[in-house]
Amino acid sequence: MEWVDFFLQQLITGLSNGMIIALIAIGYTMVYGIIELINFAHGDLFMLGAFLALTVVGLLGLGDWSGASAWAAVVIMLIASAGFCGVLNWGVDRLAYKPLRNASKLSLLVSAIGASFILVNLGLFWGGLPMDVFAGGVAAAAPKDFPALVPNTNLLGEESLVQFTPKDVLVWAVTVPLMVGLTWIVTRTRLGKAMRATAQNPVAARLMGIDTDRVIGATFLIGGALGGFASVIYSLYNNTISFQMGYRAGMDAFTAAVLGGIGSMPGAVTGALVIGLVRSMSDAYLETRWTNTIVFGILVLILIFRPSGLLGSRAKEKV
Amino acid sequence: MPLKTSMLAAVLALASSATALAQSGTLKIVSSLPRTGSANAQTGTIVNGIKMAIAEVGGKIDGYEIVYEDWDDASPQRGNWDPTVEAQNANKAVTDPTIVGYIGTFNSGAAKIAMPELNKAGLVMISPANTYSGLTKPGMGEANEPTIYRPSGSINYFRVVPTDDLQGAVAAEHVAGSGAKKVFILHDRELYGKGIADVFQKRAKELGVEIAGFEGIDTKASNYKSLSQKVKFSKADAVFFGGTTQSNGGQVAKDLRSVGFTGMLVVPDGCCEEAFIQAAGASNLEGNTFVTFGGLPPAELTGRGAEFREGYRKMFGTDPEAYAVYGYEAARVLLDAIKRAPTKDRAAILKAVSATKDFDGALGTWSFDANGDTTNRVMSINSVKDGKFVFVRRAGDAPAGGSKTE
């Protein structure tokens, strides 16, 4: 039955796309949960993670690798990009947000937009470096091909119309454990408890002896690292990176976070999967040009009937 | 009184130098092209072509110094041409009386903005790259085109590239000629991409090819896997993408191949650049992907074109990319007109440009027709091999089936 195959295919594609969005969305929602800042620089941080991954591939000369060594390369990239994005996100917080901790939320937001511009331009510069890594540095701003380290073979057999590839496996194998681990950190560890306390009431948390600055720093570190993981799987899944990719990825992730209820981690994941699936179904059954309209239409509807998002807690204004 | 005399002398000296300026002064040529963003690879070679043409006349015509300025019509925010910047450029050009020629734009959408402004000022504009038919040809675009671009009633806009109605048709003929029965058409919803896709669709229908779908894509999407699967399940045996590298042509090609679409993929000249191969990944383009181009690739140029190729290599140390020769040709035809113009003012130069006939150019011998279009309609079909464009065949000068492609 061809239409069943087609539908299954859209499910697979939609969920894989949604998973990548989810990892980025968690970074938004964590930061929002703790300091009520929509971190506009997050998408661009993710973009820089992808450039680091490409640089790693280039430096190690991994373009033609296959089999076990390619998987080893994937692990190296994941660690490198996650570490890089985590530290960078922590640095952005120290430089651009921490001095404004007690300023109005609007100043913080403007600072985030500024940080976003700086990161985008770093990406533009990075992409243009005259290294062999970037095909001789032709056209700084052009999208770059990311080597297909993960094969695109069909695990369901070459004659099957439905495609399920190691790329999809990679996406799931990276995101699911990360989400489980993160949930464990937030609900079961001392740090997690401190994070929840800071989110609930920073002043009270401080009075209870919690070093809130450290907790906020840790939140940025973890959120950034997730963005780094996402950037590697995004690059391996889509095989193209560009200095502008952070905008769309960030937009989707931000929408997912709001859809699910900003501040809620399960909400961000749910929102992301919904967006991934809706995008894919709309592309497949309607026309591509309606996709954005539908995604944002759903967002508007949900916010009208459930202003706190799908899984958001009924927001009580903080006193 | 010594003081008065010296002042008088100074005034006299000033006056005489002013007259000297009027006789020999400077004539400024500007180009307005997207220099920030991914189009820079193409526009960089256009600018080189312009510089080369000016260097060939020694930077001087009839005692006038030719000054060239390379303007950017892109903004970092868009990474692409920006309507605001293009409008600023056009205004700046209009208000500077020493400017006698405006080479641009690269994108047809940008031309729409600059054209009426420059037209009112009677400043000649020559595009090395706009291919959207509606800019010059009545009945090819919207109902009010092209008169809306000509508020003064006369023509000041010229182009040295053949238009989309020719290129889209050539692409359709290539698809039909390959034996394809069903084609899926994608476009980027921009003036250029949608325009060429429309022409492709019309011609493909005429040739009896079934249209499996006609869709505008979201050019900022991270991938097109779902769309590509739709194409695959539609059983189309060819895909035409009307768009450019900047509107994500590379990702479209990549995803079509990644979902296992093995049919023919044809893309227009907006993808005819190294950046497209770089974005799509060379292995994804190998074999069944074809790029139409509104002219011949530099390696196929003969006569004066071959001289251009050699000169370019000598001057810049690299081979020219596809668009370089159009920058060169646009500048040369403008310089030629400046030379022929009896007085070196905008009106005379405009008149001289429109009188261009049997111009001995790097692209062959051609003229500007009544619409301001080149009469040259040689095109080529290229494929990709080992990460480089390779010439497949000439097309367009003798349309298949003897049909009219006007």
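Me: What distance separates the centres of domain 1 of chain B and domain 2 of chain B?
Reply: They sit 28 Å apart, taken over C-alpha atoms. The bounds come from an automatic or database domain assignment, which gives 25-162 + 301-366 for domain 1 of chain B and 164-293 + 379-402 for domain 2 of chain B. Before we go on: this is a predicted model, where local features need pLDDT of at least 70 and side-chain atom pairs count only at pLDDT 80 or more, while totals for chains, interfaces and linings use all residues. Residues are numbered from 1 along each chain as its sequence is written, chains are lettered from A and ligands numbered from 1 in the order in which they are written, and side-chain values use heavy atoms, with hydrogens and water left out.

Me: How do you know that domain 1 of chain B touches domain 2 of chain B, and how many residues does the contact take?
Reply: Contact means heavy atoms within 4.5 Å, and 19 residues from domain 1 of chain B plus 13 residues from domain 2 of chain B take part. Together the two domains bury about 1,500 Å², with carbon and sulfur atoms giving 52% of it. Buried area here is the accessible area (1.4 Å probe) that two parts lose on being put together, summed over both.

Me: What makes Lys137(B) and Asp165(B) a salt bridge?
Reply: The term asks for a side-chain nitrogen of Lys or Arg within 4 Å of a carboxyl oxygen of Asp or Glu. Lys137(B) and Asp165(B) come to 3.2 Å, N to O, so the pair qualifies. The count between domain 1 of chain B and domain 2 of chain B is one salt bridge.

Me: What makes the pair Asp373(B) and Arg159(B) tie together separate parts of the sequence?
Reply: Their closest N and O atoms are 2.8 Å apart, in a salt bridge. Asp373(B) is in the loop between β15 (364-366) and β16 (379-385) of chain B while Arg159(B) is in strand β8, so the pair links parts that are 214 residues apart in sequence. Strands are DSSP runs of E, at least two residues long, and helices are H or I runs of at least four, numbered from the N terminus. At 3%, Asp373(B) counts as buried, and Arg159(B) is buried too, with 0%.

Me: How do you know that chain A meets chain B, and how many residues are in contact?
Reply: The rule puts 38 residues of chain A in contact with 34 residues of chain B. About 3,000 Å² is buried between the chains, 50% of it from carbon and sulfur atoms. On the side of chain A, Pro143(A), Arg248(A) and Thr288(A) lose the most area, together 16% of what that side buries.

Me: What makes Lys235(B) and Glu2(A) a salt bridge?
Reply: Their closest N and O atoms are 3.0 Å apart.

Key:
Buried means under 20% relative accessible area, exposed over 50%, partly exposed in between (1.4 Å probe, protein chains only).
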